[in-house]
There are 2 protein chains.
Amino acid sequence: MPNIAHQRLDCTVGCPVEGVLEIIGGKWKGVILYHLLDETLRFNEIRRRLPGITQRMLTNQLRELEASGIVFRQVYAEVPPKVEYSLTSKGKTLAPVIRAMELWGRENLLPQAEAATSR
Amino acid sequence: MPNIAHQRLDCTVGCPVEGVLEIIGGKWKGVILYHLLDETLRFNEIRRRLPGITQRMLTNQLRELEASGIVFRQVYAEVPPKVEYSLTSKGKTLAPVIRAMELWGRENLLPQAEAATSR
DNA sequence: CAGAATCCTTGAAGATACTG
DNA sequence: CAGTATCTTCAAGGATTCTG
């Protein structure tokens with residue numbers, strides 16, 4: 001084994017998962033990412049897709065995602081203002097994670113889904 | 001005790017993701033699940049794998065996971081007490097989600113990892 | 001060993017109002 | 001349209017002690 005062998009991480013093998021949750025956790029980030037997966041959206045477009053979120057929260061979450069290098073914020077110098085949000089290339093690599101969550105959610109969280117098949 | 005878990009499905013397509021995050025979100029649940037993926041563990045075994053978690057938190061999180069039908073809690077009538085935690089079949093279906101997160105975490109959260117590959 | 005019972009702190013999240 | 005700026009609340013999470 002090469003000499004990069006064991007770096008002293010303060011926690012051991014569990015951390016990758018924990019770290020991801022710090023990025024896509026929170027109450028809204030996962031859903032925001034989900035909506036940005038295959039679309040570039042403007043601020044209010046995202047907002048409309050998240051019933052219940054406040055402007056403040058949306059701004060917060062988007063800024064944190066931007067700081068994590070996950071989301072790209074494109075500001076157009078127009079009046080009225082226009083800001084578009086999209087995934088960075090790094091953000092796009094999260095697709096498998098989001099998709100896996102989406103799939104599991106559909107199969108396990110929506111009783112109607114399964115009930116519908118048996119109806 | 002009634003499980004009032006996911007009745008908040010008043011939002012539309014984003015919810016699958018949101019619902020999953022309610023289950024594996026929180027500060028510790030994802031990591032707990034990660035450790036239970038391929039092992040049945042006793043209370044203190046899990047605790048040792050999560051540096052920094054308190055007994056209270058661990059108990060809490062495990063109970064919530066149990067209430068979500070994700071974790072099975074096996075109590076042995078012994079002295080001293082012995083309680084084993086494992087994934088239910090439903091819990092095991094979360095594996096792809098956890099694995100996707102683990103993979104992404106390894107590739108994006110540990111700079112050493114990428115540095116190692118480019119060397 | 002695996003918790004239950006308390007008490008306490010913090011900050012995540014919400015409500016509301018204002019603005020370039 | 002896309003934000004700030006405050007104020008406030010509530011519950012997630014933590015620290016500590018006790019116990020079958």
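Predicted model: local features only at pLDDT ≥ 70, side-chain atom pairs only at ≥ 80, totals over all residues.
Trainee: Are α1(A) and α6(B) roughly parallel or roughly perpendicular?

Mentor: Start with the geometry: helix α1 (residues 15-24) of chain A and helix α6 (residues 95-108) of chain B have axes 7 Å apart and pack at an angle of about 90 degrees. Angles of 65 to 115 degrees count as roughly perpendicular. Therefore α1(A) and α6(B) are roughly perpendicular.

Trainee: Which residues in chain B lose the most area to chain A?

Mentor: Take the whole contact to begin with: chain A gives 39 residues and chain B gives 39 residues. Together the chains bury about 3300 Å², with 79% of it on carbon and sulfur atoms. On the chain B side, 20% of the buried area belongs to the three residues that lose the most, B:V17, B:M101 and B:W104.

Trainee: How do α2 and α4 of chain A cross, and what classes of residue are in their contact?

Mentor: The axes of helix α2 (residues 29-36) and helix α4 (residues 55-67) of chain A come within 10 Å and cross at roughly 75 degrees. That angle makes α2(A) roughly perpendicular to α4(A). A:K29, A:I32 and A:L33 meet A:L58, A:Q61, A:L62, A:E64 and A:L65 there. By class, the contact has five nonpolar, one polar and two charged residues.

Trainee: Which residues are closest to DNA strand D?

Mentor: In total, 22 residues surround DNA strand D. They divide into eight nonpolar, seven polar and seven charged. The closest are A:R42, A:R63, A:R73, A:Y85 and B:R56.

Trainee: Which side chain has an N or O atom 2.7 Å from a base nitrogen of DNA strand D?

Mentor: Let's go through some polar contacts one at a time. A:R42 has a polar side-chain atom 2.8 Å from a phosphate oxygen of DNA strand D, and for B:K27 the distance to a phosphate oxygen is 2.9 Å. The side chain 2.7 Å from a base nitrogen belongs to B:R56.

Conventions:
Residues numbered from 1 in each chain as written. Chains lettered and ligands numbered in written order. Heavy atoms only, no water. Axes fitted to C-alpha atoms, helices over the stretch in contact; angles between N-to-C directions. Helix = DSSP H or I, 4+ residues; strand = E, 2+ residues; numbered from the N terminus. Parallel < 35°, antiparallel > 145°, perpendicular 65-115°, else oblique. Contact = heavy atoms within 4.5 Å. Nonpolar A, V, L, I, M, F, W, Y, C, P; charged D, E, K, R; others polar. Near = heavy atom within 4 Å. Polar contact = N/O pair within 3.5 Å; in protein donor to acceptor, adjacent residues only side chain to side chain. Buried area = accessible area lost by both parts, 1.4 Å probe.
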